[in-house]
Amino acid sequence: MKLKEFARQLGLSPTTVSRALSGYPEVSEKTRQRVAEEAVRLGYRPNINAVRLVTGRAGAIGVVMGRSGEFQFAEFMSGMAERLDGEDIDILVSPTADRGLTDEIPLYNRLVASGRVDAVIVHSPEPNDERIAFLRELGFPFLVHGRSETDVTHAWLDIDNEGAIRRATAHLLDLGHRRIAMINGRAGRTFSLHRDKGYRDALEERGIAFDPRLVAHGHFTDELGFRFARSFLEQSPRPTAFVAGSMMTALGIYRAVRSRGLVVGRDISVIAHDDVFPYLTADNMVPSLSATRSSIRAAGARAADLVLQLLGGRAAEEIHELWPVELILRESTAPPPQTEPRP
C-alpha cells in the first residue's frame with residue numbers, strides 16, 4: 001500500500017500521516033495513535049528509505065567485531081537483534097584484525113564518515129581509551145560495553161567484574177584454598193584490570209601474598225586455558241584451585257586437570273565466569289561448574305535499548321549501568337585435599 005492510498009483511507013493528508021508515523025511533536029497523540037493502529041490493521045509499512053531520507057538517519061547501529069571472543073560476540077549480537085526486532089534498525093558489523101585498539105580508529109572514522117550508521121557500540125575498552133576520546137570529539141553517538149577510566153564523558157553498560165572475582169576468590173579462600181591461580185582476559189583491558197583488583201583484594205583481606213606466577217592473561221579460548229593450566233599444575237607446589245575468566249577457559253582447565261590424572265572438584269577446584277551460553281552450560285559440565293553468572297545476551301539487548309535512548313536524545317552522562325553478578329555454587333568447588341598436593 002502506498003502512502004497516498006493509506007492516507008486517503010484515513011481521511012488525512014499524506015504529510016500528516018508521514019509525520020505521525022515519524023513521531024513529530026506537532027501531530028497530536030490521538031492522531032498518532034489512530035494512524036499507528038490503522039497501520040497495523042491494514043498492514044501498512046512506510047518505505048524505510050523514504051523515512052530515512054526525511055529523518056536524516058541511516059537506520060543502523062555499528063559494531064566492530066574482532067577475531068577473538070566470537071562466542072561472546074555472537075550472544076551479544078543475538079541480544080541486540082532481539083531488541084531491535086520491529087524497530088526497522090539494522091546492525092552493521094565491521095571486522096577488525098585485533099591488532100590493537102589504536103588501529104581501530106580509522107575503522108570508526110570510516111563508519112562515521114560513511115553515514116551508514118547512526119551510532120556505534122565500543123567493546124572491551126582500556127583506561128583512557130582513544131576510541132572513546134575520538135568518538136566524543138566527533139560528537140557521534142556511542143555506547144561503551146564496559147567502562148573506561150577516563151575523564152571523557154561516555155555512556156556505558158558494564159558488569160561488576162571486580163566484585164564478581166572478589167566473591168569467587170573469597171569463596172575458594174573460605175573453603176581453605178591458599179594457592180589459587182587465575183586465568184584472566186587480555187592484559188590492559190579495563191574488565192581484566194577490575195578482575196585483577198578483585199582477585200588481589202580477596203587475597204589481601206586474608207593476609208595472603210599475591211604471587212604473579214599464579215596469574216595469566218590472554219584470549220578466552222579452550223586452548224589457552226589448557227596451556228596456562230598445565231603450566232600452573234607443573235609448579236611445585238601446584239595450585240589447588242583456579243579462577244577462570246570464561247567458560248571456554250574453564251573447558252581448557254578441565255582438560256589440563258584430567259591430563260595430570262587429577263579430578264576437578266576433588267583434587268582441584270574450579271570457578272569461572274559464565275556468560276550464559278545456550279550451547280555451553282555450567283550445569284552440564286562434569287562435574288557441574290561453580291560460576292559467577294551474567295547473561296551477555298541480556299547485555300546485548302540492553303545495549304541496543306540504551307543506544308536507542310541515546311538517539312532519542314538522552315544524555316550520555318545519564319547512562320551508566322553497572323550490573324551485579326550472581327555467584328552459583330556447584331560441584332567443581334570443594335575444600336582442598338587434606339594431604340599436601342604432589343608436584
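# Close-up views of a predicted model

**View 1. Bridge between two neighbouring strands.** In strand E4, Val144 is the bridge partner of Val122. E4 covers residues 142-145 and runs parallel to E3, to which 4 bridges join it. Helices (H or I, at least four residues) and strands (E, at least two) are DSSP runs, numbered from the N terminus. The model is predicted, so that local features need pLDDT of at least 70 and side-chain atom pairs count only at pLDDT 80 or more, while totals for chains, interfaces and linings use all residues. Residues are numbered from 1 along each chain as its sequence is written, and side-chain values use heavy atoms, with hydrogens and water left out.

View 2. Six strands form an open sheet in the order E2-E1-E3-E4-E5-E11, with parallel pairing. Its edge strands, E2 (90-95) and E11 (320-323), each pair on one side only. From one strand to the next, the twist averages 20°. Two strands are taken to pair if DSSP finds at least two bridges between them. Helix H12 lies across E1, E3, E4, E5 and E11, and runs at about 160° to E4. Contact here means heavy atoms within 4.5 Å; axes are lines fitted to C-alpha atoms, for helices over the stretch in contact, and angles run from 0 to 180 degrees between N-to-C directions.

**View 3. Strand E10 and its two partners.** Strands pair through backbone hydrogen bonds, either parallel or antiparallel. E9 (residues 269-274) and E10 (residues 290-293) are parallel and share 4 bridges. Ile271 has Ser290 of E10 as its bridge partner, and His273 has Thr292 of E10. With E12, E10 pairs in the antiparallel sense over 3 bridges; there, Thr292 is partnered by Leu327 of E12.

View 4. The peptide bond from Ser236 to Pro237 is cis, with omega near 0°, and Pro237 sits in the loop between helix H10 (222-233) and E8. Val286 and Pro287 are likewise joined by a cis peptide bond, with omega about -5°; Pro287 belongs to the loop between E9 and E10. Ser124, a residue other than glycine, has a positive phi, near 45°. Its loop lies between strand E3 (119-123) and helix H7 (130-138).

**View 5. The largest cavity.** The largest cavity has a volume of about 790 Å³. On a 1 Å grid over the protein atoms alone, a cavity is a set of points where a 1.4 Å probe fits but cannot get out, and lining residues have an atom within 4 Å of a point. Grid points are joined across faces, edges and corners, and a volume is the space filled by probe spheres set on the points. Of the 39 lining residues, Gln72, His123, Ser124, His145 and Phe191 lie nearest the centre of the cavity. The elements giving two or more residues to this lining are E1 (60-65), H5 (70-84), E5 (155-159), H9 (190-205) and H12 (296-311).

How values were computed: 1 Å grid on protein atoms, 1.4 Å probe; cavity = no way out; pocket = protein on both sides within 12 Å on 5 of 7 lines; lining within 4 Å.
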